[in-house]
Amino acid sequence: MATVRDATYDVLRTLGMTTVFGNPGSTEEPFLQHFPADFHYVHALHEATAVAMADGYAQATGAPAHVNLHTAPGTGNGMGNLVTAWHNKTPLIVTAGQQTREMLLLEPRLANRRPTELPQPYVKWAYEPARAQDIPAAVLRAYATAVQPPAGPVFLSLPMDDWAQTADPPPAPRTVATRFAPDPERLTEFVRVLAGSRNPVLVYGPGVDRAASWSPAVALAERLAAPVWSAPATERAVFPEDHPHFRGVLPYAIGPLAEALRGHDTVLVVGAPVFRYYPYVPGGHLPDGARLLHVTDDPDEAARAPVGDSLLSDPGLALTALVERVPPSGRPAPARRDALPPPEVGTPLSADALFAALADHWPTDGVLVQESPSNLSALRRQLRITQPASYFTMASGGLGYGLPAAVGIALAERDTGRGRPVVAVIGDGSFHYSVQALWTAARLALPVVVVVPANQQYAILKAFAELKHTPGVPGLDLPGLDIVAIAAGYGCATEVVETPDQLGAALAVGLHTDRPTVLAVPISTDVPSIL
Ligand SMILES: Cc1ncc(C[n+]2csc(CCOP(=O)(O)OP(=O)(O)O)c2C)c(N)n1
């Protein structure tokens, strides 16, 4: 007789989910016992790392990933990156062990007291099956929930005595759609507004990249002769940044963002929230006289937008439909942005000089993972992303995502056979939130290169404190951290890099080796402005 455990592994096989990211505990051992040879367990040393590796893997493979966590404490440890997965709209099936049903009433050690509440509100669905025999079908339902728009994480709490129970007949395999097309009448209205617009502007968001839709995004920009901005603080790159229409990334504050859009009568936002702001700088949401049209596959995103008229749709299907229906504008194409003057190269390097050097040595098919808060503008200014699905960061603002996500992405590059090189730029503060990801990368022999701009401080918090007039905040300096010693301790190749040439040489080696490399780069301690 098949057990619930056998039946669940069969369902995971049918779904193509044979990679499990996790950190094991006693409540997970009955599930993990006799781990099947056709499955791969990716061992993380901490649950935050397991969740973010799975997120990176899911985004890079374009398919949901499975994370197995340890009951309540493990779920708690994974929570910060679960918040990020929610904002990233990454489909994840998170399973966690639960104490045995026989003892749950008396709440033994490691019982998850309210398993379906603990991960809320950062999962689309949380469930503890009423019967052991419901687990395989619950996994199917979890999958269907995670992948449908807006995609996101789901959570199953699975009691440890369930796995040995006799299974019901296997659940019927079934599939769900992951895209939906725009309402035709509403689309006609959007076409009418765009066709009648004098000076439209396009604001693209991460949904365009998730929908693999750079090509209709470019076609629409060219048809409308419209400039293109990236929505603020996006977790993916949205448009070829060397395209003449591209203007850059919008500022993430109300007043300055509206200012950047001044002069436009129509603002079409596709695949982004309206808008992802960070510091509060008051002002109008739009320049005077502008009308905003919003295309999103997320009803909640549409509902909470403070301005604009929305159209629910897969961003790619909407862009394709708009390209087919919007007439060519007849306007001249916007002029290309002026090229940046090369930054001065001093000692220590400025952030701009470091990232200009990174751009000089950038592999054409490189994948960039970013978590370097105060250096974000310099990085995005100096290193232009020109290929789809090749820039990743967290949508949430929570640190501890980038380093493990880069490991998950590097593993996906290997597993898919695509083999694109992965470079992570991780601040010397951010580095420590999920630093154990380096061990997993070393065990898996992944050639990921981690560049750590070391300014020995939480520079962005100093900039924020200045903007908000809150002097005297403690805990903003980071003296005495030996990045190289820490990286070596986890099994990485590592060195201090101080010049553009050293960076080029270290990248050339690190991207073609069989272990992770951590490059500590001392940079200027000047605090850039937050806006
Ligand atoms: C989980 C989490 N804890 C704390 C913070 C607050 N925080 C935001 S940025 C930052 C400092 C990041 O330092 P570093 O990576 O060195 O980048 P820098 O600002 O110096 O460029 C901190 C602590 C956060 N965003 N997320």
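The model is predicted, so to speak of local features a pLDDT of at least 70 is needed, side-chain atom pairs count only at pLDDT 80 or more, and totals for chains, interfaces and linings use all residues. Residues are numbered from 1 along each chain as its sequence is written, and side-chain values use heavy atoms, leaving out hydrogens and water.

Let us begin with the sheet. Strands of a sheet pair through backbone hydrogen bonds, either parallel or antiparallel. Here six strands form an open sheet with parallel pairing, in the order β14-β13-β15-β16-β18-β17. At its edges are β14 (391–392) and β17 (493–496), each pairing on one side only. Strands (E, at least two residues) and helices (H or I, at least four residues) are DSSP runs, numbered from the N terminus, and two strands pair if DSSP finds at least two bridges between them. Strands β16 (residues 449–454) and β18 (residues 517–522) are joined in the parallel sense over six bridges; Val452 has Ala520 of β18 as its bridge partner.

Helix α14 (residues 402–415) lies across β13 (367–371), β14, β15 (422–426) and β16, and runs at about 180° to β15. Such angles run from 0 to 180 degrees between N-to-C directions, with axes fitted to C-alpha atoms, for helices over the stretch in contact, where contact means heavy atoms within 4.5 Å.

Now for the spaces. On a 1 Å grid over the protein atoms alone, a cavity is a set of points where a 1.4 Å probe fits but cannot get out, while a pocket is an open set with protein on both sides within 12 Å along at least five of seven lines; lining residues have an atom within 4 Å of a point. Points are joined across faces, edges and corners, and a volume is the space filled by probe spheres set on them.

The second largest pocket has a volume of about 730 Å³. Of its 35 lining residues, Gly62, Pro91, Arg210, Ala211 and Arg236 are the closest to its centre. Helix α3 gives the largest share of this lining, four residues.

Finally, the whole structure holds two cavities of 30 Å³ or more. The largest has about 50 Å³ of space, and its lining includes Phe31, Leu158 and Trp163. The second largest cavity has about 40 Å³, and Phe31, Leu158 and Trp163 are among its lining residues too.
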